[in-house]
Amino acid sequence: MASTATRIGKVELASFVFNAIGPKDVTLDELRVIGKSSAAAIATKSCTPLPRDGNEEPRYRDLELGSINSMGLPNLGVDAYVELSHTIKEEFPDKPLIVGAAGIGFEDFPVVVEKLQKSAADMLEVNLSCPNVKGKPQIAYDFASMDKTLKTVMSIGDKPIGVKLPPYFDFVHFEQAAEVLSKYDLEFLCCVNSIGNALVIDPETEAPVIRPKGGFGGLGGKYLKPTALANVRKFYELLGDRFAIIGVGGVYTGSDAFEFLLAGASAVQVGTVFMQEGPKCFERIDKELAEILKRKKYASVEDAKGKLKML
Ligand code: RRO
């Protein structure tokens with residue numbers, strides 16, 4: 001069996017697959033489930049200065065080809081994640097720990113990132129792309145605002161920082177985003193967050209399938225994969241020599257993970273499938289990837305990374 005061991009920046013991972021920030025990673029018990037699984041790392045929900053209940057229910061729905069959510073950043077607040085990070089690290093010392101950092105407004109980001117300097121996190125994933133907070137635009141769709149946020153958080157402490165990006169759809173936007181990102185010494189880019197503000201309607205009830213924001217929410221799963229692959233590939237072309245890229249969006253199988261690897265990903269995260277299948281998905285997908293690598297005679301993931309062939 002080929003090894004799927006990899007690295008994100010300076011952090012070594014024993015395998016290629018772990019949880020996407022979002023589903024089932026809010027509480028200590030949920031994080032323990034990920035810790036006990038074969039996930040390559042443990043990632044926590046993005047946290048804010050104060051605890052949040054999030055948006056009203058129903059706010060998540062499985063769909064035929066994925067999921068839609070408008071969770072609204074439910075989390076225990078940054079102080080709780082500082083504390084539980086030490087517990088998680090004691091219980092699972094060999095697993096890299098990534099703590100998510102978010103904000104409702106710009107001023108929240110430095111507060112959260114400052115406090116997380118005292119956490120046991122190996123890396124922070126700063127969420128520049130939450131689509132579901134009412135009245136708040138996604139930071140990474142406004143390049144001046146992205147620059148300002150990164151300038152602020154990158155001047156705080158020395159915890160390695162990566163960013164969660166939204167899907168982009170235009171080559172000019174990829175280039176503008178890359179120009180901003182390249183100014184900072186980031187550990188990784190995580191591509192992509194859900195496709196924001198999608199609308200799924202149930203024709204029987206004649207209503208949307210989730211309640212918040214009139215039914216608009218973030219689309220994940222198979223609907224997202226081609227867009228996620230395009231984002232990984234484009235950023236790999238533009239910045240692959242600078243930053244590791246974590247692929248997320250529609251990884252259901254080892255074959256999906258292999259496609260992200262060919263596009264240039266150094267690891268993949270799993271969101272919708274973790275919600276639907278539970279923690280055994282990490283081992284299954286990683287094993288399927290190892291079998292593909294062996295069959296295709298790649299000795300390691302590094303051997304295949306970014307090796308997308310052109311027609
Ligand atoms: O909590 C959410 O509603 C949420 C967040 Br913060 C995010 O970054 N992406 C998403 O699909 N949902």
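Which loop holds Ser70?

1. This note concerns a predicted model. Ser70 belongs to the loop that runs between strand S6 (66–69) and helix H2 (78–91). With a relative accessible area of 0%, Ser70 is buried, because the cut-off for that class is under 20%. The side chain of Ser70 makes a polar contact of 3.0 Å with the side chain of Asn55.

2. The ligand is surrounded by 13 residues, and the closest of them are Lys45, Gly72, Asn127, Asn193 and Ser194. By residue class, the shell around the ligand consists of 5 nonpolar, 7 polar and 1 charged. The space that the ligand takes is the largest pocket.

3. Several polar distances describe how the ligand is held in the model. On the backbone side, a polar atom of Met71 lies 3.1 Å from an oxygen atom of the ligand, and a polar backbone atom of Gly72 lies 2.8 Å from an oxygen atom of the ligand. On the side-chain side, an N or O atom of Asn127 is 2.8 Å from a ligand oxygen atom. Of the 320 Å² of accessible area that the ligand has on its own, the protein covers 92%.

4. Is Ala121 buried or exposed? The residue sits in the loop between helix H3 (108–115) and strand S8 (123–127). Its relative accessibility is 4%, so Ala121 counts as buried; the limit for that class is under 20%.

5. Asp158 is located in the loop between helix H4 (143–153) and strand S9 (161–165). Asp158 counts as exposed because its relative accessibility is 72%, and the class begins at values over 50%. Asp158 and Gln117 are separated by 41 residues in sequence, while the distance between their C-alpha atoms is 7.4 Å.

   - Ser70, between strand S6 and helix H2, is buried at 0%.
   - Ala121, between helix H3 and strand S8, is buried at 4%.
   - Asp158, between helix H4 and strand S9, is exposed at 72%.

Notes: Residues are numbered from 1 along each chain as its sequence is written. This is a predicted model: local features need pLDDT of at least 70, side-chain atom pairs count only at pLDDT 80 or more; totals for chains, interfaces and linings use all residues. Side-chain values use heavy atoms; hydrogens and water are left out. A residue is near a molecule or strand if one of its heavy atoms lies within 4 Å of it. A polar contact is a pair of N or O atoms within 3.5 Å; within protein, one must be able to donate a hydrogen and the other to accept it, and residues adjacent in sequence count only if both atoms are side-chain atoms. Accessible areas come from the Shrake-Rupley method with a 1.4 Å probe; for residues, only the protein chains shown count as cover. On a 1 Å grid over the protein atoms alone, a cavity is a set of points where a 1.4 Å probe fits but cannot get out, and a pocket is an open set with protein on both sides within 12 Å along at least five of seven lines; lining residues have an atom within 4 Å of a point. A molecule sits in a cavity or pocket if more than half of its atoms lie within 2 Å of its grid points. Ala, Val, Leu, Ile, Met, Phe, Trp, Tyr, Cys and Pro count as nonpolar, Asp, Glu, Lys and Arg as charged, and the others, Gly among them, as polar. Helices (H or I, at least four residues) and strands (E, at least two) are DSSP runs, numbered from the N terminus. Buried means under 20% relative accessible area, exposed over 50%, partly exposed in between (1.4 Å probe, protein chains only).
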